[in-house]
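The exercises below ask for a careful reading of a fold and of a single side chain. Please work through each task before turning to its solution.

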Amino acid sequence: MKAIVTVIGHDQVGIIAKVSQKLADLQVNIIDMSQTLMHGDFTMMLNGEWDETTTSFEQVKAGLKEVADETGLTINIQREELFDAIQKL
Amino acid sequence: MESKQIIDTIHMISEERLDIRTITMGISLFDCIDSDGAKARQKIYDKLTTSAQDLVKVADQIESEYGIPIVNKRLSVTPISMIAAACHDDNYVEYAKTMEKAAETVGVDLIGGFSALVQKGYQIGDEKLIASIPEALSETSRVCSSVNVGSTRS
């Protein structure tokens, strides 16, 4: 299963570390990642992949919610097919 | 993976209100026809509540995994004028109430099919259905009704 994780919020120390550690704990492999800083707001997008038989989508979503609650960031996770369907003909 | 495309897609949903307006499950009621109206309605209720029992749950799962709202969950059935014609009831309001009850049980927002197709003329079931529409709609809140009066194919 592949999904896009987006992280947006106030820049702070340790964002990439916390998000990637949580994903590693959940057995999610980060295939691609990009991040930028815009007007003091941190924006990160990453493409994560994992074996659905060992970890469910809801588990990954719940794990990321913990990081979001702890840091005050907005973290979304959506299946990759959504972006393909909307952007690709 | 294009960053701008990802931001654009997320923007469409969060700022521009892109959503999935409805998901609909179509269910045939031909196997529920019965000359006894009460039996027919029981068969209809059972079939609808069995076939659609997971619809709302699956819709919620889709909403969660894709991050896009699904505004309405809907059922759509074989036009009741065809299904009820075999019974000798004077009106079909009870069929609408059965549809309503089934919709409530499975948790969908809308159920369509309290309908007649008359583009080729009227049968007895069509007349009774149409005459039942005002009362059926006033007694229910999720039932949708229609009458097809014309077609380029008829």
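**Exercise 1: the fold of chain A**

Among the contacts in chain A with a separation of 6 or more, 67% join residues 24 or more positions apart, where contact means heavy atoms within 4.5 Å. The model is predicted, so that local features need pLDDT of at least 70 and side-chain atom pairs pLDDT 80 or more, whereas totals for chains, interfaces and linings use all residues. Residues are numbered from 1 along each chain as its sequence is written, chains are lettered from A in the order in which they are written, and side-chain values use heavy atoms, without hydrogens and water.

Task: State in which order the elements of chain A run, and how its radius of gyration agrees with that of a compact globule.

Solution. Step one is to list the elements, 3 helices and 4 strands, with helices being DSSP runs of H or I of at least four residues and strands runs of E of at least two; from the N terminus on, they follow the order β-α-β-β-α-β-α. Step two is the radius of gyration, taken over C-alpha atoms, with a globule rule of 2.2 Å times the number of residues to the power 0.38: because a compact globule of 89 residues would have a value near 12 Å, the 13 Å of chain A agrees.

**Exercise 2: S138(B)**

Task: Decide whether S138(B) is buried or exposed, and find where it is placed.

Solution. First, S138(B) belongs to helix α6 (residues 124–139) of chain B. Next, its relative accessibility is 55%, and therefore S138(B) counts as exposed, the class over 50%, with buried being under 20% (1.4 Å probe, protein chains only).
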